[in-house]
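Please consult the sequence and the structure shown here while reading.

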Amino acid sequence: MSTATYVPYNDNLEHKQENEDEIIDSVVASMMRVNTRVFDKHRHAKRDAHAKCHGVLTGHVTVYDNLPAHLAQGVFARPATYPVVIRLSTAPGDIHSDKLPSPRGMAIKMLGVDGPQFLPKRHDAKTQDLLLVNHPVIAFGHAAAYLKTQKLLEKHADDPDMVRRIVAALARGGSKALHALGIDNPVLDTLGAPNNHILGETFFSMAAVRYGDYVAKLCAAPLSDNVRALTGQPLGDDADDSALRNLVVDFFNGQGAEYELRAQLLTDIDKMPIEDASIEWPQEDSPYQPVAKLTIPAQHAYSPARRVFADDVLSFNPWHCIEAHRPMGSIMRARIKAYEASSKFRHEMNAQPRIEIDSIGQVPD
């Protein structure tokens with residue numbers, strides 16, 4: 001594919017929604033009210049999303065040699081190896097049983113990354129975060145839909161059964177929950193959410209990011225045979241509330257894994273919208289292309305010290321990035337305030353420092 005087919009990045013590709021700032025403020029206010037109720041329930045502050053951790057891993061990302069010019073961008077511009085910290089999780093901002101189908105997450109923090117950071121207060125940082133979920137799209141794909149969904153979750157925050165039903169509906173593509181809110185998307189109706197082994201999943205950025213001179217969505221797909229064999233493997237009927245953690249711990253106690261990072265570049269701004277992350281970009285028009293390998297060696301994935309460090313001290317944030325990979329689109333603009341408010345609340349309520357690491361040696365065993 002010629003580079004001429006890829007849409008060049010420019011600052012005018014994004015278009016804010018009407019009253020977007022006020023909508024985002026309302027999202028954050030609702031989210032913080034829910035966060036406070038969750039804190040009162042557990043006497044411990046949780047992330048507003050991806051609260052439940054299934055494993056904390058260290059490894060490295062190796063950028064492939066001889067990438068073509070359109071892929072050799074940003075952190076992938078030249079062959080390099082970056083140490084990484086990885087947190088596996090489930091999407092809701094509260095702790096639910098692993099028996100419940102729900103979006104699963106893989107957050108990757110790359111260390112030793114050169115290049116100017118996008119956020120001005122992070123000028124000394126050397127990290128690039130990639131926040132990925134096992135769906136190619138996000139059901140509430142822009143700020144206005146995010147607000148409607150957030151209000152629904154807040155309304156039923158004290159009804160665990162209803163929250164579980166909403167989360168399950170969103171995991172199945174969100175059609176039932178979003179149709180009830182007046183949000184229709186036929187693409188979402190076709191998605192399924194079986195409750196499968198987390199290590200066999202492919203994880204997606206869902207929303208667009210700048211990709212150097214271009215725009216892309218990113219994913220991490222199983223590469224080594226042992227995790228590819230887990231793709232589509234359902235949790236057994238005897239799965240317990242912490243089944244995913246148990247699977248992750250058992251797996252990495254005896255073996256490592258490899259995933260491949262891939263980029264899907266924007267080729268058509270009408271068919272592949274930036275502002276609505278609920279619309280899947282067609283892979284027949286722009287396939288995901290390999291850019292790097294994620295290697296995770298065998299290790300203890302859930303030690304008490306490592307879990308507390310990742311859950312209470314570290315922050316994973318799509319806006320922890322270099323300028324070449326800044327997030328794009330309405331849902332990402334909502335996240336800049338949402339993540340900051342949630343992280344501030346969590347660290348203050350748990351009396352934990354909020355730090356950005358610069359060495360893999362800072363991650364406890």
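The model is predicted. Helix 1 spans residues 20-42, and its axis comes within 9 Å of that of helix 9 and also within 9 Å of that of helix 2. The structure also holds three cavities of 30 Å³ or more.

**Helix 1 and helix 9**

- The axes of helix 1 and helix 9 (residues 330-349) cross at roughly 30°.
- Because angles under 35 degrees count as roughly parallel, helix 1 is described as roughly parallel to helix 9.
- The crossing of these two helices is right-handed.
- Helix 1 contributes Glu20, Ile24, Asp25, Val28, Met31, Met32, Asn35, Thr36 and Phe39 to the contact.
- From helix 9, the contact receives Ser330, Arg333, Ala334, Lys337, Ala338, Ala341, Ser342, Phe345 and Met349.
- Sorted by class, this contact of helix 1 with helix 9 comprises ten nonpolar, four polar and four charged residues.

**Helix 1 and helix 2**

- Helix 2 covers residues 143-155, and its axis crosses that of helix 1 at roughly 25°.
- Helix 1 and helix 2 are therefore roughly parallel to each other.
- Their crossing is left-handed, whereas that of helix 1 and helix 9 is right-handed.
- On the helix 1 side, the contact is made by Glu20, Ile23, Ile24, Ser26, Val27, Ser30, Met31, Arg33, Val34 and Arg37.
- The contact of helix 1 with helix 2 contains nine nonpolar, three polar and five charged residues.

**The largest cavity**

- The volume of the largest cavity is about 100 Å³.
- Strand 4 (residues 127-133) gives the most to the lining, with five residues.
- The lining includes Gln128, Asp129, Leu130, Leu131 and Leu132, along with Ser205, Val209, Leu218, Pro318, His325 and Met332.
- By class, seven nonpolar, three polar and one charged residues line the largest cavity.

**The second largest pocket**

- The second largest pocket holds about 440 Å³ of space.
- Its lining is formed by 14 residues.
- Of these, Leu119, Arg122, His320, Glu340 and Arg354 lie nearest the centre of the pocket.
- The lining of the second largest pocket divides into five nonpolar, four polar and five charged residues.

Technical notes:
Residues numbered from 1 in each chain as written. Predicted model: local features only at pLDDT ≥ 70, side-chain atom pairs only at ≥ 80, totals over all residues. Heavy atoms only, no water. Axes fitted to C-alpha atoms, helices over the stretch in contact; angles between N-to-C directions. Helix = DSSP H or I, 4+ residues; strand = E, 2+ residues; numbered from the N terminus. Parallel < 35°, antiparallel > 145°, perpendicular 65-115°, else oblique. Left-handed = near helix turned anticlockwise from the far one by under 90°. Contact = heavy atoms within 4.5 Å. Nonpolar A, V, L, I, M, F, W, Y, C, P; charged D, E, K, R; others polar. 1 Å grid on protein atoms, 1.4 Å probe; cavity = no way out; pocket = protein on both sides within 12 Å on 5 of 7 lines; lining within 4 Å. Points joined across faces, edges and corners; volume = space filled by probe spheres on them.
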